[in-house]
Amino acid sequence: MRGDTPFVIALPFVAFGMLFMFLPIIMSCRAARTVLAITTTRVVVLRQRAGGHALRSVTFPNIAALETHRHPDGSGDLSIRHREPNENDYESGFWESMLGIPDVGRAEAEIRRHLSGAGR
C-alpha cells in the first residue's frame, strides 16, 4: 500500500493540470454556442446546451456594471453585472459573461449608448 501513496498524492495535481490544459478549448466551444443580441430595451444571451437552450435577458435599467477584455484583433469578452430586483447596491447581482465576441468594442459601445439614454 505504501507504494501507491505518491500516485494518490499526485493524482489531483495531474487532474487540475489536465483541466487547465483543456480549459481554453472548452471555453471556445462554449463561446461558439452563444448568441448575443442587443435590442432597444435589453441584452439577450442565448446559449445552446446539451439539454436544450438557456435564455438570459437583462433590461438596461438592471445593468449595474459593464466590463470588457479586448484582444489585439478587436475581439474580446464582455461581462455584465445584473442588478438584483429591488436592489440598488452595486455589489448585488451576478455576472453574465459572453466570450469570444468578434467586435467587442462595437457591442460595448451599443450597450453604453442605450445605458446613457441615447438609444431611446
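**Exercise 1. Contacts and composition**

What percentage of the contacts in the chain with a separation of 6 or more comes from residues 24 or more positions apart?

Solution. Step 1: a contact means heavy atoms within 4.5 Å. Step 2: of the contacts in the chain with a separation of 6 or more, 36% are between residues 24 or more positions apart. Step 3: the basis of these values is as follows. The model is predicted, with local features needing pLDDT of at least 70 and side-chain atom pairs counted only at pLDDT 80 or more, while totals for chains, interfaces and linings use all residues. Residues are numbered from 1 along each chain as its sequence is written, and side-chain values use heavy atoms, leaving out hydrogens and water. Step 4: the chain has 120 residues, of which 25% are buried, where buried means under 20% relative accessible area, exposed over 50%, and partly exposed in between (1.4 Å probe, protein chains only).

**Exercise 2. Order of the elements**

How many helices and strands does the chain have, and which pattern do they follow?

Solution. Step 1: helices (H or I, at least four residues) and strands (E, at least two) are DSSP runs numbered from the N terminus. Step 2: there are two helices and six strands.

**Exercise 3. The open sheet**

Give the strand order of the three-stranded open sheet, then describe the element that packs on this sheet.

Solution. Step 1: two strands pair if DSSP finds at least two bridges between them. Step 2: the order is β4-β5-β6, with antiparallel pairing. Step 3: β4 (63–70) and β6 (95–101) each have a single partner strand and stand at the edges, so one side of each has no neighbour in the sheet. Step 4: from one strand to the next, the twist averages 15 degrees. Step 5: helix α2 (residues 104–115) packs on the sheet and touches β4, β5 and β6. The direction of α2 makes about 160 degrees with that of β4; axes are lines fitted to C-alpha atoms, for helices over the stretch in contact, and angles run from 0 to 180 degrees between N-to-C directions.

**Exercise 4. The largest pocket**

Which residues line the largest pocket, and how do they divide by type?

Solution. Step 1: on a 1 Å grid over the protein atoms alone, a pocket is an open set of points where a 1.4 Å probe fits, with protein on both sides within 12 Å along at least five of seven lines; lining residues have an atom within 4 Å of a point. Step 2: the volume of the largest pocket is about 160 Å³, taken as the space filled by probe spheres set on the points, which are joined across faces, edges and corners. Step 3: the lining consists of Leu36, Ala37, Ile38, Ile101, Pro102, Asp103, Arg106, Ala107 and Glu110. Step 4: β1 (34–38) and α2 are the elements that give two or more residues to this lining. Step 5: six of the lining residues are nonpolar, none is polar and three are charged. Here Ala, Val, Leu, Ile, Met, Phe, Trp, Tyr, Cys and Pro count as nonpolar, Asp, Glu, Lys and Arg as charged, and the others, Gly among them, as polar.

**Exercise 5. Two lining residues**

Solution. Step 2: Leu36 is in contact with Val43, Val44, Val45, Leu78, Met98, Ile101 and Ala107. Step 3: Ile38 touches Phe60, Ala107, Glu110, Ile111 and His114. Step 5: Leu36 counts as partly exposed at 25% relative accessibility, and Ile38 is partly exposed at 29%.

Note on methods: Lists of a residue's contacts leave out its neighbours within four places in sequence.
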